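Dear colleague,

Please find below the structure that I promised to hand over to you. My notes on what was found in it follow directly after.

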Amino acid sequence: MNYKELSVQNYKRFCEFEGSDYIASEFAIESILKIIQKFDVKNILELGLGIGSISDSVLKYSKNENKKIEYFGTEQNDFCLNSLKKNVAYYEKLKIYSDLNKIENLKFDLIIIDGYDKNLNSIKNYCKKQTIIFIEGARKNQTEAILKIFPKSRYVNIITLKKNKPYAHGGSNTNHYIGGGQLIFIEPSFRMILFWFNQKVLTFIKNKIRIYKIK
Ligand SMILES: C[S@@+](CC[C@H](N)C(=O)[O-])C[C@H]1O[C@@H](n2cnc3c(N)ncnc32)[C@H](O)[C@@H]1O
């Protein structure tokens, strides 16, 4: 199964779970797996593990591809902490902390932000030179905070032309586009700049198509 099929299948699976209202979108899961593949990501931090839709997808991808990926995450909510045990197939591989500042002496290739963390300002301490940051959905305040911390970063809002699935959580409107994400390269390599540029062009074109379809 390739990463696209895995994200479609796993998103659908998570939509059936209790508390699925806040899970990451299918497009976000697919984008994260694509980034992991493209940039050979080996260790990941997710702020806001929730009920585990992203972590479960990544750990399954890691198993399918026979690729070692270390997965760290933060979560405080008791319901979510219990759900992770039930929902995440390779739960024993998850390293869970209550919040960012409890993590010591670790730096990550990819940091996924899908929850509130009062210590977000210390994120720099967890970044390598070329860490990639992916913010699920719009999360305007967090995106602005990150861009302030990394003023020289390359940033793109990635979007899709796919619409919500009928089984999407909360009876989502199937006329609405699936939510996107904010992709930030804090100090990009040449390959990262090419990827970022490509995504910028894609977002520009997709926005034009969206506007054209409304008319
Ligand atoms: C957007 S959610 C994170 C979703 C997660 N990345 C996933 O895909 O499952 C952000 C935060 O909301 C809280 N949360 C998520 N689902 C919840 C639920 N069903 N009940 C209570 N809190 C929830 C958790 O603390 C979580 O960290």
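In this predicted model, helix H2 meets helix H3 through Ile 29, Ile 32, Leu 33 and Ile 36 on the H2 side. Their counterparts in H3 are Ser 53, Ile 54, Ser 57, Val 58 and Tyr 61. Sorted by class, the residues of this contact are seven nonpolar and two polar, with no charged residue. The axes of H2 and H3 lie 10 Å apart, and the two helices pack at an angle of about 40 degrees. H2 is therefore oblique to H3. The crossing of the two helices is right-handed.

Helix H3 also packs against helix H1, which covers residues 3–15. Here the angle is about 140 degrees, and the axes are 10 Å apart. Because of this angle, H1 is oblique to H3. The crossing of H1 and H3 is again a right-handed one. From H1, the residues that take part are Tyr 3, Leu 6, Ser 7, Asn 10, Tyr 11 and Phe 14. They meet Ser 53, Asp 56, Ser 57, Lys 60, Tyr 61 and Asn 64 of H3. This contact of H1 with H3 comprises five nonpolar, five polar and two charged residues.

The remaining pair in this group is H1 and H2. Helix H2 spans residues 26–38, and its axis comes within 9 Å of that of H1, with a crossing angle of roughly 145 degrees. This crossing, too, is right-handed. On the H1 side, the contact is made by Tyr 3, Lys 4, Leu 6, Ser 7, Val 8, Asn 10 and Tyr 11. H2 contributes Glu 26, Ile 29, Glu 30, Leu 33, Lys 34 and Gln 37. The contact of H1 with H2 divides into six nonpolar, three polar and four charged residues.

As one example of a bridge, Leu 110 has Ile 132 in S5 as its partner.

Which residues are the closest to the ligand? They are Gly 19, Gly 48, Gly 50, Ser 53 and Gly 115, among the 18 residues that surround the ligand. Helix H3 (53–64) and helix H4 (78–87) are the elements that give two or more residues to this shell. By class, the shell holds eight nonpolar, seven polar and three charged residues.

Yours sincerely

Note on methods. Residues are numbered from 1 along each chain as its sequence is written. This is a predicted model: local features need pLDDT of at least 70, side-chain atom pairs count only at pLDDT 80 or more; totals for chains, interfaces and linings use all residues. A residue is near a molecule or strand if its C-beta atom, placed from the backbone, lies within 6 Å of it. Helices (H or I, at least four residues) and strands (E, at least two) are DSSP runs, numbered from the N terminus. Ala, Val, Leu, Ile, Met, Phe, Trp, Tyr, Cys and Pro count as nonpolar, Asp, Glu, Lys and Arg as charged, and the others, Gly among them, as polar. Axes are lines fitted to C-alpha atoms, for helices over the stretch in contact, and angles run from 0 to 180 degrees between N-to-C directions. Angles under 35 degrees count as roughly parallel, over 145 as roughly antiparallel, 65 to 115 as roughly perpendicular and the rest as oblique. A crossing is left-handed if the near helix is turned anticlockwise from the far one by less than a right angle, and right-handed if clockwise. Two residues are in contact if their C-beta atoms, placed from the backbone, lie within 7 Å. Two strands pair if DSSP finds at least two bridges between them.
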